[in-house]
Amino acid sequence: MSSENRIPLITKTAFSCPHCGAYTTQHWFNLFADACSDDQRLPFIPDLKMMDQFRSDRDLSPEDRAPLIEWCSNMLSGKPFFDTGAKNLYNKPMVSNCYISKCYNCHDISVWIHDQIVYPENKIDILPNIDLPEHIKELFNEARQIVTLSPKGAAALLRLCVQHLCKELGESGKNIDKDIASLVSKGLNPLVQKALDIVRVIGNEAVHPGEINLNDNKEIAIKLFSLINLISEQMISQPRQIGELYDGLPAGKLDGIAKRDTRE
């Protein structure tokens, strides 16, 4: 399964968990609101002192003490969790545009507003090609960090990746369109040319909006990461690997090849 198919999206019932990384089933939940009472008008968060009081309270039975300490610990962690001791929320107003997904593997909870994860910090599960230069990897990883919150921003950063890639391949890096045309004239693989143009066009529309609305379809922005890796695989990794294998041939064989090519 490709990495982009594992990316957390609100349209899926299985994806790579932002907590444990496992590709597994995700259970979805709607949220309901329960108003704070008149005698406690603000949200209540316990402190360590309260948890210590529960531990030392001799009037509490072990059966009562354990869940109270667990509740305090969960609250102090700052992580969302299901409070099994909370009162029933049936007939309470639903909190629209706010959802919870729970991982089948690790049981941790992710919080979503509309179609974006707000907890935990979500970074898509597509790593940059190891042969990309470090400054391009930095742009790639920056785009990974923001793509769920700003697909347009991520697309613009990936377009910048292409610009730097063209420069690494001997072009000016100033005009992507002319750089791609120059690479085509040098025998660029037509499929790689299409991939370059896809990232160029979509990334440019992220800065100067055109017909593609990345906010409505961030999956398009996510696919650009795979295209950057495809481009770098074809234009950096494969030539490097072939060069290393070729240079590893016996010296006599290399001399024979050189003489053959000279005769031709």
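**A predicted fold: an open sheet and a helix pair**

N97 lies in strand β3, which spans residues 94-103. In this predicted model, N97 adopts a positive phi of about 65° although it is not a glycine.

Strand β3 belongs to an open sheet of five strands, arranged in the order β1-β2-β3-β4-β5 with antiparallel pairing. Strands β1 (14-16) and β5 stand at the edges with a single partner strand each, so one side of each has no neighbour in the sheet. Neighbouring strands are turned against each other by 45° on average, when direction is ignored. As a general point, side chains in a regular strand alternate between the two faces of the sheet.

The end of this order can be followed residue by residue. Strand β4 (residues 109-113) and strand β5 (residues 116-119) pair in the antiparallel sense over three bridges. W112 stands opposite I117 in β5, and I113 has Q116 of β5 as its bridge partner. The hairpin of β4 and β5 has two residues between the strands, and H114 takes a positive phi near 55° there.

The peptide bond from Y119 to P120 is cis, with omega near -5°.

The discussion now turns to the helices. Two packed helices are described by the angle between their axes and the distance between the axes. For helix α3 (residues 134-146) and helix α7 (residues 218-247), the axes come within 11 Å and cross at roughly 165°. Because angles over 145 degrees count as roughly antiparallel, α3 is roughly antiparallel to α7. The crossing of α3 and α7 is left-handed. On the side of α3, the contact is made by F140, A143 and R144, and on the side of α7 by F225, I228 and N229.

The protein chain averages a pLDDT of 85, and 91% of the residues score at least 70. Confidence is highest in strand β2 (residues 23-32), at a mean of 92, and lowest in helix α8 (residues 251-263), at a mean of 80.

Notes
Residues are numbered from 1 along each chain as its sequence is written. Side-chain values use heavy atoms; hydrogens and water are left out. pLDDT is the predictor's confidence in each residue, from 0 to 100. Helices (H or I, at least four residues) and strands (E, at least two) are DSSP runs, numbered from the N terminus. Axes are lines fitted to C-alpha atoms, for helices over the stretch in contact, and angles run from 0 to 180 degrees between N-to-C directions. Angles under 35 degrees count as roughly parallel, over 145 as roughly antiparallel, 65 to 115 as roughly perpendicular and the rest as oblique. A crossing is left-handed if the near helix is turned anticlockwise from the far one by less than a right angle, and right-handed if clockwise. Contact means heavy atoms within 4.5 Å. Two strands pair if DSSP finds at least two bridges between them.
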